[in-house]
Amino acid sequence: MNGLTFDIAHLLAGSLVLISFMMLYQDRLFALINVFALHAVVLALSVAWQAYIQDAHHLYITAAIALVFKAIVIPVGLHRIIQRLGIHRDIETAVGIGPTMLAGIGLVTLSMVLMLRVTPEADPLAREDLAFALSIILLGLLVMVTRRNAVSQVVGFMSLENGLVLAATGAKGMPLVVEISVAFSILIAFIVIGVFLFRIRERFDSVDIGALDDYRGERR
Amino acid sequence: MSTVALLLCGPAALLATAILAAAISRLAAATRLVYGAALFISAALLATVAGHLAGNPGEVSAVTLPLGLPWTGARFRLDGLSAFFLVVVNLGGSITSLYGLGYGRHEATPRRVLPFYPAFLAGMNLVVLANDAFSFLLCWEFMSLASWALVMAHHRDEANRRAGYIYLVMASFGTLALLLAFGLLAGPAGTYAFDAMRTAHPGPFAAGAVLVLMLLGAGSKAGLVPLHAWLPLAHPAAPSHVSALMSGIMTKVAIYGFIRVVFDLLGEPAWWSGVAVILIGGVTAVLGILHALMEKDLKRLLAYSTIENIGVIFASLGLALAFKANAMPSAAALAFTAALFHVLNHSFFKSLLFFGAGAVLTATGERDMEKLGGLIHRLPVTSFVFLVGCVSISALPPFNGFASEWLVFQAILRSPELPQWGLKVIVPAVGGMLALSAALAAACFVKAFGITFLGRARSAAVERAHEVDRWSLAAMAVLAAFCLLAGILPGFVIDGLSPVALSLVGDRMPVQIAEPWLSIVPIAESRSSYNGLLVFAFITISASLAAFFIHRFASHAVRRGIAWGCGFVDAVPAAQYTAVSFAQPIRRVFGGFAFRARETVDIPAPGALEPARLKVDMHDLAWEIFYQPITGAIDFATERLNHLQFLTIRRYLTLVFLYLVILLLVLALWP
């Protein structure tokens, strides 16, 4: 593998981590969804680049799935949901942006240290890719933990799935079944969570899951 | 068809009977059908094993069924050891079914007993045949659950529910220990077939851990102190014939598990493993019988006495381990044969005694000895066979208990030849404990028989008692005959056990049938020999002569009663010796350290009219030392963890996230 292909793959995976960081400090829902769409576009690019350098044509399908569903269908759907719910003006972070960013930096460091330690013999590209993928997964979890709104938790969950796809495509020889199942699981999760949002909304007149806690008589 | 495949048809038929029983249990004829089928199948299994043993006892036959773990399969195997235990299980099973034909008719809710009874028998048969860890554990759990269902047969009683709960907890704990033991035996390669475990010898640390886990796992099922707590609660709670199966047979299946792993799969033992087993056996024997002596409930007394006998068997097995580790195969064969002989004997007389207790329960509705008494006039046959059981379990010649306990002591007497000083000191000390427990057992069964059957009736129920049905009497008579036969012809049993000893400890006892006059000579003629037949003949003749002389000559003498009747006061029956008062001297001697017993006498002031009171305060130390701290700790921890159930969704997510991060951190920082 020559230096340029490696650098480009590295650049794409790295920018995915960067966009995950951008998600951490978006406190408006529309902005968050836009950043997520960007995330999916970069993921599609990264997967396509992997398909090109691995000469694995089935990965183009994965890239197309990522582009169509995650970058277009789901963000558009979420936009419409937010408009219908009328929550586009909500500002909703449970933890301040500063601490969240610091925690994110810590998580990325952790995944770098861990991955570079446990995979000394692996192919350097796969190694870096795995480290980035783990960072994206952890940042996605962090988004889910630091948000109070159900919509942004959905977004966090899907960015986590993006990390999984990145990990799956970074290693050579992964069968297509895996990616299709991952893509479908996200779609299904999106549908299910969408339905749940409406049910929550119907019952509590809000998608703030804090309302659920109030309903159970719990303190926040 | 190989023998083991033929034998597997038996449990399959029993399971089919169980399903059938669940379907027809409301019919009137169901009791007779189910017990009849169980009797037939057990007898067929017994005949198959007997045919196998008569034909080619050394032959090993194995089969692998395409069930269970995908790369191991369900393996079953018949060798000398499993053949012996199959004989114990199916002999006990068939006689118990015979008893059940009569006893089961008095069952108030037969649909709670009938489906589980054949399933329980099937489970015990399968455990003995299993040849891989997965099938073994599965069958073991099946056996435990079936017996648990039988313990819960009379679940309306609060005490039975508690017994069932404690039994379930202890059974799960035991299975967990077995699971871990098999995990260690399987090693990193994860070979769960016994054949593979037999060739892979674990290191000394792993072997020690397996021994401890087997003592916990098999010991909790068999009733080793301090894991015995469930046994005196659960065994009496079941219907009496099931109590007989649990006490007489299921504890033996636990011993089978212990022997299979420690003698067969684990390879060469270390000498200290013998020490551990001998000590636990000795302590179990003494504490078991002391508890039995303090008991006034007949079935609980029998259950505690089971603990004592298990202690004797384990002490003998420990001796066999110690001799085997020191390359003394002939002594090891002696101790091992003694243990197996006692297994067989205990299955006979404990089943007999539980049947007797069941007969008393049927006739009077009472288990409390303080309300019985004088039953020898009402239940003459039951009294006689119960007496045979009492004499056997008290290890009096010429019955079978003596023969096997005598062999155990012969093995103990070979301990000075052991090289380690630790064993030289401990084995005679445990010998003393076993002798003590044998003497206490005799006292205990004098009490059990004397208070229950002799004297005068202590309650109205006893006055109305009638002899039980013929099926029950036949079952008890068969067992009494076995007790006598095994006692006067022990040589045949010992020779029958020789292939097992040869395969597991590498030697056998000398051939006994060839000895003149059917004597048994465990080591050499010059050291010791015992002739049960001779003792039996002597006892019979001298007793008959004594009886003849007394009745012929003594009764003619004129007797005059004293006017004030101080010799035998015709007072209320409550003034007789009671179970508690009989045990009082022993409680005075041993109660202080064994039960922390304290007596307080409360005498009213002179002139006051209320009665004086004697209050005895006793503690079950095993319960207080081992169980209460554990339950306390669990209560404390669950109390603390309870509020984790009521967190918000985001907090749960945070917990999962933090846990993941900590896990990754540990992985990153691990040296």
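1. Let's start with the transmembrane regions of chain A. An unreviewed UniProt entry places the feature "transmembrane region" at residues 6-25, 32-53, 59-82, 94-118, 130-147, 154-171 and 177-198 of chain A. UniProt positions follow the numbering used here, feature names are shortened, and annotations may be inferred rather than shown by experiment. Residues are numbered from 1 along each chain as its sequence is written, while chains are lettered from A and ligands numbered from 1 in the order in which they are written. This is a predicted model: local features need pLDDT of at least 70, side-chain atom pairs count only at pLDDT 80 or more, and totals for chains, interfaces and linings use all residues.

2. What do two of those spans look like in the model? Residues 6-25 of chain A are 95% helix and 0% strand, with end C-alpha atoms 30 Å apart. Residues 32-53 of chain A are 100% helix and 0% strand, and here the end C-alpha atoms lie 31 Å apart. Helices (H or I, at least four residues) and strands (E, at least two) are DSSP runs, numbered from the N terminus.

3. Now for confidence. Where pLDDT is low, the predicted coordinates should not be read in detail.

4. How do the chains meet? Twelve residues of chain B are in contact with 13 residues of chain A; "in contact" means that the C-beta atoms, placed from the backbone, lie within 7 Å. The chain B side of this meeting divides into nine nonpolar residues, two polar and one charged. In this scheme Ala, Val, Leu, Ile, Met, Phe, Trp, Tyr, Cys and Pro count as nonpolar, Asp, Glu, Lys and Arg as charged, and the others, Gly among them, as polar.

5. On to the cores. A nonpolar core is a set of buried Ala, Val, Leu, Ile, Met, Phe, Trp, Tyr and Cys residues joined through C-beta atoms within 7 Å. The largest one has 218 residues, and B:L150, B:V253 and B:A335 have the most contacts inside it. α13(B) gives the most to this core, with 22 residues. Apart from it lies another core, of 57 residues, among them A:V42, A:I81, A:L134 and A:I186. As for B:V253, leaving aside neighbours within four places in sequence, its contacts are B:F85, B:V89, B:M124, B:V127, B:V128 and B:M143.

6. Is B:A359 buried or exposed? B:A359 is buried, because 29 other C-beta atoms lie within 10 Å. The cut-offs are 20 or more other C-beta atoms within 10 Å for buried, 12 or fewer for exposed, and anything in between for partly exposed, with C-beta atoms placed from the backbone. B:A359 lies in helix α13 of chain B. Beyond its neighbours within four places in sequence, B:A359 is in contact with B:L379, B:T382, B:V468 and B:S472. B:A359 and B:Y99 are 260 residues apart in sequence, yet 9.9 Å apart in space, C-alpha to C-alpha.

7. Helix α11 (residues 271-294) of chain B has 24 residues and should span 34 Å; its end C-alpha atoms are 36 Å apart, which agrees. Of its 24 residues, 18 are buried. α15(B), with 14 residues, reaches 20 Å from first C-alpha to last, close to the 20 Å expected.

8. α15(B) is mostly covered, with ten of its 14 residues buried. Including B:T382, B:F386 and B:I393, the buried residues of α15(B) pack against α12, α13, α14 (375-378), α16, α17 (421-453) and α19 (470-488) of chain B. Just after α15(B), B:A395 takes a positive phi of about 60°.

9. The peptide bond from B:V225 to B:P226 is cis, with omega near 5°, and B:P226 sits in the loop between α8 (204-222) and α9 (231-237). The bond from B:P397 to B:P398 is also cis, with omega near 5°; B:P398 sits in the loop between α15 (380-393) and α16 (400-412). B:A327 is not a glycine, but has a positive phi of about 55°.

Key: Two residues are in contact if their C-beta atoms, placed from the backbone, lie within 7 Å. The expected span of a helix is 1.5 Å times one less than its number of residues.
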